[in-house]
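Q: I'm new to this one, could you walk me through it? I'll start with the overall layout and then ask about the ligands.

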Amino acid sequence: MNAALAALKRVCLIGSGNWGSAIAKIVGLNVMNQPDVFEKEVLMYVYEEIIDGAKLTDIINLEHENVKYLPDIKISPNVIAVPDVVQACTNADILIFVLPHQFVKETCEKMASAVKPGALGLSLIKGFVLTEGEGIQLVSNIIKNTLDIETAVLMGANLATEVASEMFCETTIACHNPEYHGILSKLFQTPYFRVKVIENVAGVEACGALKNVVGIGAGIVDGLGFGDNTKAAVIRLGLMEMMKFTKVFLESDDISVFFESCGIADLVATCHGGRNRLLGEAVVKSMKDIRLLEKEILRGQSFQGPLIAKEIYTYLKDHDMLDQYPLFVAIHRICTREVDPRNFIECLREHPEHM
Ligand SMILES: NC(=O)C1=CN([C@@H]2O[C@H](COP(=O)(O)OP(=O)(O)OC[C@H]3O[C@@H](n4cnc5c(N)ncnc54)[C@H](O)[C@@H]3O)[C@@H](O)[C@H]2O)C=CC1
Ligand SMILES: O=C(CO)COP(=O)(O)O
């Protein structure tokens, strides 16, 4: 039997931002409440920073709250914040990755010699990894190949602050190996966080990454002062581009994932309440660079959408397919300030789905 299924399972968290902290609350309580399945202590890797003169790790360990990324929400005391990613992952059987995707490769490289053989990875990261000369890759493949571990994913309509406030939602876990389905449900399910486990890892992950780009489009129509009908058009055309891209990129005809929480539900949630929607609105109302807007609006959290738009754009350009994805392309060019956001409606009006 492999490490992730043997004896008591030790769980660690790699990441502690807005979503990382919300998930720490769930995982911390679930491992405490199932002492026959999980080890009680959960180490959480925190990218160290100083807040009002104190280390964020010390604040979390004293106050059991991530005061910067998820204020006013208590995390159970068995979740221990550590600034060293190698310490966090050593001896862990289940490694939960929840970092902005631009940091995943370098973080995995630091962990590579310390990860237990046979451990299970689980990525909650919504994005792709773009490597010079290699194009885009799934984050789960980066984790799997760098650490030589099986890697599952968890994606869904899961705005972190709502989950942390225990408002009901659904989520989708995907794992190739059905032997792990039971333990992953035990680790994440709560009365307010309903888990469904399926097997299409790549499909679930693609949904999670792509919807962040469409979320920016929804924000642009809000910023332009258009209404719900226009936003619905962005959601529909965005979904069509997401499905088409997934089919080409993954060489898969399985569209069933789009009807799970990771698909249409996450798309709708992000287009109404996500940080990427906020960015879309801001790029219309201000001419500031998006990195400056990120600092001003999110104060340390990050917008993943602009990076993902660039990753997709690079893929489409390399494959000579830019003209087939006008929504993705326009959103990328609006984020880089090459295109005026006021031209966005034109791209909806002339979309190939209408021809
Ligand atoms: N916030 C949300 O509502 C949800 C987010 N997600 C996804 O979860 C992933 C993580 O996002 P959040 O937890 O929201 O993060 P966040 O955007 O709140 O915070 C950024 C995090 O990055 C860390 N960081 C900064 N520089 C770093 C470095 N060089 N190396 C490592 N870490 C560094 C910061 O310490 C902080 O923890 C993303 O892929 C996001 O799309 C998924 C579902 C919901
Ligand atoms: O992924 C999310 C909700 O499921 C969060 O989306 P944002 O990053 O746009 O806030």
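Q: How is the chain divided into domains?

A: This is a predicted model, and its chain is divided into domain 1, residues 3-199, and domain 2, residues 203-354. Taken over C-alpha atoms, the centres of domain 1 and domain 2 are separated by 26 Å.

Q: And how many residues does the contact take from domain 1 and from domain 2?

A: Domain 1 puts 27 residues into the contact, and domain 2 puts in 25 residues. On the side of domain 1 that touches domain 2, the elements that give two or more residues include the strands β8 (128-131), β9 (135-138) and β10 (150-155), along with the helix α5 (139-147). The largest share of that side, four residues, comes from β11, and by class the side has 13 nonpolar, ten polar and four charged residues.

Q: OK, ligands now. Where does ligand 1 lie relative to the domains?

A: Ligand 1 lies between domain 1 (3-199) and domain 2 (203-354), because both of them give residues to the shell around ligand 1. There are 24 residues around ligand 1, and the ones that come nearest are Gly-17, Asn-18, Trp-19, Ala-160 and Gln-301. Helix α1, residues 18-32, supplies the largest share of this shell, with three residues, while the classes are eleven nonpolar, twelve polar and one charged.

Q: Which residues does UniProt list as "binding site"?

A: The unreviewed UniProt entry lists ten such positions by name, among them Gly-17, Gly-20, Ala-160 and Arg-275.

Q: Take Gly-17, is it buried or exposed?

A: Gly-17 counts as buried, because it has 21 C-beta neighbours inside 10 Å. Gly-17 is found in the loop between β1 (11-14) and α1, and, leaving aside neighbours within four places in sequence, it is in contact with Tyr-69 and Gln-301.

Q: And where is Gly-20 found?

A: Gly-20 is found in helix α1, and it counts as buried because it has 25 C-beta neighbours inside 10 Å. Not counting residues up to four places away in sequence, Gly-20 touches Leu-13, Gly-15 and Val-98.

Q: What about ligand 2, how many residues surround it?

A: Ligand 2 is surrounded by 13 residues, and the closest are Asn-158, Thr-270, Gly-274, Arg-275 and Asn-276. The elements that give two or more residues to this shell are α8 (201-223), α10 (261-273) and α11 (275-285), and α10 gives the most, with three residues. By class, the shell around ligand 2 has three nonpolar, seven polar and three charged residues.

Q: So why does ligand 2 lie between the domains?

A: Domain 1 (3-199) and domain 2 (203-354) both give residues to the shell around ligand 2, so ligand 2 lies between them.

How values were computed
Residues are numbered from 1 along each chain as its sequence is written. Chains are lettered from A and ligands numbered from 1 in the order in which they are written. This is a predicted model: local features need pLDDT of at least 70, side-chain atom pairs count only at pLDDT 80 or more; totals for chains, interfaces and linings use all residues. A residue is near a molecule or strand if its C-beta atom, placed from the backbone, lies within 6 Å of it. Ala, Val, Leu, Ile, Met, Phe, Trp, Tyr, Cys and Pro count as nonpolar, Asp, Glu, Lys and Arg as charged, and the others, Gly among them, as polar. Domain bounds come from an automatic or database domain assignment. Two residues are in contact if their C-beta atoms, placed from the backbone, lie within 7 Å. UniProt positions are given in the numbering used here, feature names are shortened, and annotations may be inferred rather than shown by experiment. A residue is buried if 20 or more other C-beta atoms lie within 10 Å of its own, exposed if 12 or fewer, and partly exposed in between; C-beta atoms are placed from the backbone.
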